[in-house]
Amino acid sequence: MNNLDLANRLVDRCLDLGAGDAETYILDSESTEIQILNGQPEAVNFRHRNGYGLRILIDGRMGFASSNNLELSAADNIIKKLITNTQQHTADDHNVLPEMRKAPAIDFAEQFDESLKSIPISEKIEKAVDIEKAAREADQRIIQIGWLQYGDSVDYYAIASSLGISDEARRSNVYGYVVAVAMEMSNGGQPNPASAQTGTGIKAANDYIDLDPHKLGEKAASFAVRMLGATDGETAESGVIFPPETGYSIIDLIAETVSADLVQKKKSLFSGRIGEQVASNKVNIIDNGSLKDGLASAAIDAEGIPTGETKIIKDGALVGLLYDSYTAHRGNTRPTGNSSRLSYSSRPSIAPTNFYLKPGNLSRDSLLASVDRGLYITEVSGLHTAVDPITGNFSIPSKGLMISSGELTQPITNITISGNIFDLLKNIDGIANDLTWETRGNVIGVPSFRVKGIKIGGK
Amino acid sequence: MIDDNLIRKILSIAIEKGADYADLFAEKAEYDTITIDDRKLKTDYSFERGVGIRVVSGGRTFYAFTNSFEESNLKKLAAYVRDASGTNGRDGHISVFQSVASTWENPFKISAVRAPAEEKSNLVKAAEERAWQTNYASQVTSRYRDHERRILLASTLNGQVIEHTLGLTELMAVIIVDKNGQREYGFFGKAFYGGLEKFTGENSAIKIAEEASERAARMLTAKDCPRGEMPVVFAPGENGILFHESCGHGMEADLVEKGSIFAGQMGKTVASPLVTMIDDGTIPGYPGSFEFDDEGTPSQKTVMIESGVLKHYLHSSITAQKVNLPLTGSARRESFKHPPLPRMRNTFILAGETDPQDIIKQTKRGLYAVDIGGGGEVNPFTGEFITSIKLGYLIENGELTYPVKGASIIGRGIEALKNIDLVGSDLKISGIPGRCGKGQQVPVGVGMPTVRVRALTVGGAGDAFNGGGQ
């Protein structure tokens with residue numbers, strides 16, 4: 001039985017056992033992870049995840065259960081437990097399963113690389129080792145590789161429901177992640193651990209061929225080396241530039257916060273701010289699940305709804321949110337195709353697709369040249385604890401490079417940048433044309449941008 | 001779960017080309033969640049089963065798992081992992097397996113999985129109801145989670161077959177308050193390696209919600225924390241997450257091998273002589289406790305730092321063999337989907353001799369950190385760590401004056417450890433809800449007494465800090 005047949009059979013079984021409506025999502029995912037230590041594979045993991053998630057509706061109550069035992073005979077116990085659990089739920093008129101909508105005829109076949117399943121493990125190991133080599137060869141001050149991981153996955157998913165959805169989609173992904181450690185040499189020619197700085201390189205792609213181990217290794221090495229000789233920063237207030245590798249964090253925070261679910265439950269920074277000016281009029285932010293060559297592109301989302309483009313911030317005003325079918329019903333609007341699942345074992349929830357800050361006209365160099373004295377932020381850490389999700393107040397531990405007369409100079413460490421996220425967005429006064437896609441969880445597109453007047457805490 | 005004959009057949013296939021050793025980790029698990037969010041109750045239930053096979057060859061791990069228990073599938077999987085490991089064709093030797101019986105008292109007085117659904121819902125409802133009584137409450141989430149994992153582990157390393165059950169119950173509440181547009185939140189929760197009976201007395205649903213409620217209320221009165229370098233006094237208990245992050249990870253032997261800041265520090269002074277740091281997997285009822293680790297080694301209490309001197313790293317069999325040191329019972333996996341890694345269990349700083357009240361009295365001006373929130377992050381290679389201080393108090397002339405919020409702390413692990421100059425007598429160990437992540441999520445406990453660090457860099461939205469010193 002193929003996945004779609006099984007999904008439909010499980011829907012039928014739910015209805016037979018008493019569900020009003022039902023939906024099955026099946027994930028069949030094969031992935032490989034390779035960790036490298038000193039030029040050798042430290043660990044190689046083959047992962048085959050295959051299971052289903054059920055959602056049922058009984059009188060406005062929406063239950064969820066999952067299992068990875070695919071034998072139909074075993075499903076009855078799960079479904080019976082699900083029905084008992086669901087009867088305890090609070091009824092809610094907005095609990096709806098989506099009806100079938102015709103997906104636009106977008107073919108993402110070019111972005112699917114099934115060869116990931118047949119490439120021999122030895123070849124993948126070689127690619128991973130090449131990342132390490134490239135990092136070490138880029139600069140002799142790279143004296144170790146703290147972490148190196150290669151990963152790939154080929155996912156198939158099927159969705160069927162009693163409201164007519166019966167669809168399949170597939171996705172491939174390959175990534176490399178490397179942390180290079182640089183140290184200065186002491187007088188005796190030995191590396192000095194107290195001078196250690198790290199540089200992280202992350203690259204994700206749909207196709208195996210698009211993961212270039214040399215570029216990735218060199219990037220991590222250059223990020224580590226540029227911070228050598230860092231001195232403690234001083235408390236100040238100055239203009240800053242976020243290049244894509246750190247601006248990512250700011251745009252990602254917005255991506256996580258414009259979920260209609262959080263907004264409707266008054267848990268978001270953006271609750272009650274629709275239509276308001278929340279950023280400088282230079283800021284335009286868009287989510288597009290149908291973007292050509294977008295890493296997060298797919299014809300349908302995790303509820304089977306066709307994806308599309310959603311404007312979030314237009315000329316600084318908050319004009320849109322990300323909706324699934326529940327929040328769309330509650331907000332009296334249409335779902336935006338932003339339902340997502342971490343796995344078959346989790347309920348669908350709202351997530352961004354290809355989410356990006358629209359690039360401006362300035363080149364990166366002229367953006368830099370416009371700063372007389374300021375800070376170029378090279379590292380931000382702990383954003384999930386550093387930004388208050390309710391108030392938007394943040395205090396983000398950071399590192400950077402001083403900018404003097406438009407040039408990058410002294411590396412600076414041990415500083416925090418602080419303020420409020422809305423003030424930061426309103427103070428964005430320059431956006432470059434170097435749109436770069438960064439993938440660390442979410443797929444976020446971000447050009448370099450400049451922010452005036454940020455508080456910097458140091459010694 | 002899998003009979004002895006089949007276990008022997010599968011592991012024979014796994015090591016027949018000369019691997020160092022192989023193990024089989026089979027599991028049947030149930031996960032249950034009940035949430036009331038936005039005044040609506042919902043449940044989530046998952047059943048997960050599977051078998052993971054690991055082949056270790058030359059200190060390298062090769063791992064795969066399947067959701068099938070069928071003999072033909074398991075044999076295929078074992079052959080697949082064996083071939084991937086590229087071992088050299090020597091005959092593997094398989095010992096006779098010995099069953100090891102569990103000696104721990106069942107930590108689940110009331111089984112979470114078999115308890116009626118209403119009993120769990122009632123906990124969530126009680127917490128939710130109390131949470132809504134908070135002044136200015138605008139949104140409440142209360143959540144109960146449990147899991148029960150029945151595990152079978154067979155290893156050619158020690159020739160043992162171990163069957164035991166791990167589990168966890170958690171209850172937490174988040175309250176968002178909105179006072180004329182000023183929004184804050186308070187969070188509190190508890191986690192136990194034990195059943196529903198744990199949520200009574202001081203750990204009752206009401207008490208948990210009350211603590212979240214108090215935290216939310218205090219946030220409304222807090223001012224922006226000043227920024228700069230200052231002495232910081234940490235409140236006891238769950239703030240121990242600070243040491244878990246800033247030091248513990250760097251003492252996990254796989255990260256030591258990769259060059260963590262604690263590499264090459266064995267036997268050396270890495271902290272003030274007032275600091276003794278323990279990682280203990282044997283304390284009954286705590287989230288990081290278990291009878292056997294996920295390689296079958298009995299759990300133990302490991303002294304990581306004794307009076308400031310680094311004594312032990314945390315090992316798995318792979319890391320211990322490389323440096324020829326004894327196992328520490330700290331190899332853990334999230335589930336059958338993962339090979340084991342060296343991990344922390346319940347990690348804490350031992351109590352010192354100073355009266356905690358005196359620590360504050362002896363601080364002229366500084367910060368008292370009440371709640372450091374999520375715990376923060378560490379870069380194990382540079383030793384740099386960051387953590388937020390969600391809620392604190394300013395210390396002025398040896399007294400707590402007004403509450404402050406929105407600060408973060410940056411430091412280097414060893415430097416901060418050496419800067420500890422007062423350790424209180426009031427050790428508290430907490431089972432915090434949530435997980436420690438290292439590619440895999442595992443439950444942990446943390447703890448500490450009141451501790452003062454002479455100087456830390458605090459970043460806050462407030463004014464520059466002036467007049468530090470003790």
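In which sense do strand 17 and strand 21 of chain A pair, and over how many bridges? I looked this up first. Strand 17 (residues 407-420) and strand 21 of chain A pair in the antiparallel sense over 3 bridges. Two strands count as paired if DSSP finds at least two bridges between them. The strands themselves are DSSP runs of E with at least two residues, helices are runs of H or I with at least four, and both are numbered from the N terminus.

**Ground rules.** I note that this is a predicted model, where local features need pLDDT of at least 70, side-chain atom pairs count only at pLDDT 80 or more, and totals for chains, interfaces and linings use all residues. Residues are numbered from 1 along each chain as its sequence is written, chains are lettered from A and ligands numbered from 1 in the order in which they are written, and side-chain values use heavy atoms, with hydrogens and water left out.

**Strand 21 of chain A.** I stayed with this strand, residues 449-457.

I looked up A:Thr257 in helix 5 (residues 244-257). A:Thr257 has a relative accessible area of 9% and is therefore buried (buried is under 20%, exposed over 50%, partly exposed in between, with a 1.4 Å probe and protein chains only). A polar atom of its side chain lies 2.3 Å from the backbone oxygen of A:Leu253. Not counting residues up to four places away in sequence, A:Thr257 touches A:Leu262, A:Val263, A:Ser268, A:Leu269 and A:Phe270 (contact means heavy atoms within 4.5 Å).

A:Ser290 is in the loop between strand 9 (285-288) and strand 10 (309-314). Its relative accessible area is 17%, so A:Ser290 is buried. Its side chain makes a polar contact of 2.9 Å with that of A:Thr307 (a pair of N or O atoms within 3.5 Å; within protein, one must be able to donate a hydrogen and the other to accept it, and residues adjacent in sequence count only if both atoms are side-chain atoms).

**Chain A against chain B.** I found 71 residues of chain A in contact with 68 residues of chain B. The buried area is about 6,100 Å², with 48% from carbon and sulfur atoms (the accessible area, 1.4 Å probe, that two parts lose on being put together, summed over both). The count of salt bridges between the chains is 8 (a side-chain nitrogen of Lys or Arg within 4 Å of a carboxyl oxygen of Asp or Glu). I picked out A:Lys399 with B:Glu384, whose closest N and O atoms are 2.9 Å apart. Strand 2 of chain A runs parallel to strand 3 (residues 60-66) of chain B, joined by 4 bridges, and A:Val44 stands opposite B:Phe62.

**A sheet in chain B.** I traced an open sheet of 6 strands with mixed pairing, in the order 12-11-10-15-24-21. Strand 12 (309-310) and strand 21 (428-430) of chain B each have a single partner strand, so one side of each is left without a neighbour in the sheet. Strand 21 of chain B pairs with strand 24 (residues 445-448) of chain B in the antiparallel sense over 3 bridges, and B:Ile429 has B:Gly447 as its bridge partner.
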